[in-house]
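Biologist: Hi! Could you walk me through this structure?
Modeller: Happy to, let's look at it together.

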Amino acid sequence: MSDQVLSKFTPDTQEETDYSKAKVLKFGIIGTGWIAEAYIESIQKCPDIEITAAAEVIPGKAERFFEKFGMEGVHLYGDHRAMLETEKDLDAVCVCTYNTQHAVCAIDALNAGINVILEKPMTVTLDEAVQVVRAEKASGKLLSIGFQPRMDANMQMIRRIVQSGELGKVYYIQTGGGRRRGIPNSTFIEKKTAGIGALGDIGCYSLDMVLNAIDYPKPLTVSGYTSSYFGANPNYNTPKDAARFDVDDFAAAFIRLEGGIIIDFRIAWAMHVDTPGDTIIFGTEGALRIPSTECWNGTVGGPMKLYKDVAGKRVETEIPIETEIKNARGLFYKKVRSFANAVRNGGGAPVPSDQILLNQAILDGITRSAKAGREVEIELPKDI
């Protein structure tokens, strides 16, 4: 009922630019797993984008993938380098591989002079992310990272509220989220393919939500913790998956940023509680509470609340949820569309790598700190 009421005050249709007569952009796909399906579904809504080539290391997988979507004539390769060397007219590639292959595929594509949209997490380690950014800068090509929550109106509202100055100086942020039960399978749960677990799967979204709101200050130190009490336990996972599970299913950290800002962070694929807590951004003039979600890969978990003192009185203001309007095509589509527009028009990356590099630095710091059992410093190269 509340969504219906709120919709009376918002447009019920969305005007779209007509791309039907625009020059067709040729895209390649590297990796034809689950996330590639979301790319294909979005690209099929774009009359100005054509998938002309794809690379997949598992024999027969790409053929089945494109047959499922009724797509013919796509040039298929068993190796991404062969695709990049042969398909000289690609305008962009979508890197949809498992995490441990993100860096090499993105670097090879950029070195080949091709624009790249790289799925999250950007990489597994900070060193890999640094190499990707260096390749981007050397190539002069566009690199955007696949964080579709950036396209959500409520996520954008969080940034607007913080940037408006309503909170004053932000000094402390509590953030995280996760699922009581929600351990994925496939390539997500082994270090050889995923590298990291819940931390990189959904933790990166939670961090981006708050870091983007405060203009991504540089991280200085991290004291991190990770565990896998659920994923490796056959009582909470299938025996087969529990036996091969060797990534984190829970992570927590105390993160110090430039400007005297602290982030208190935790994320989980499984736990004995519905949520580890809402996100709260504490400021000297106010605070913003953002209801938790299981994943943070879309929108917020409910109406946000702004806490202020007004004329000596403590006041709470509810921020209504902005619902997706009719004819909208979803956040994933907006992610792909914004990247294609940047490729076409020569604009900046919708989700710039220099921001997500700092996100990756924190993920890397949490992993290193958890392994070392102590706080670690985050050191970033001066050349990027």
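Biologist: What is the bridge partner of Val 222 in β15?
Modeller: Val 376. β8 and β15 (residues 376-377) are antiparallel too, over two bridges.

Biologist: What's the strand order in the sheet?
Modeller: This open sheet of nine strands runs β14-β13-β12-β11-β7-β10-β9-β8-β15, with mixed pairing. At the edges are β14 (313-319) and β15, each pairing on one side only.

Biologist: Which strands does helix α11 lie across?
Modeller: Helix α11 (residues 353-372) lies across β8, β9, β10 (261-268) and β15, at about 55 degrees to β8. Axes are lines fitted to C-alpha atoms, for helices over the stretch in contact (heavy atoms within 4.5 Å), and angles run from 0 to 180 degrees between N-to-C directions.

Biologist: Switching topic, what's the mean pLDDT?
Modeller: This is a predicted model, where local features need pLDDT of at least 70, side-chain atom pairs count only at pLDDT 80 or more, and totals for chains, interfaces and linings use all residues. Residues are numbered from 1 along each chain as its sequence is written, and side-chain values use heavy atoms, leaving out hydrogens and water. The mean pLDDT (the predictor's confidence in each residue, from 0 to 100) is 94 for the chain.

Notes. Two strands pair if DSSP finds at least two bridges between them. Helices (H or I, at least four residues) and strands (E, at least two) are DSSP runs, numbered from the N terminus.
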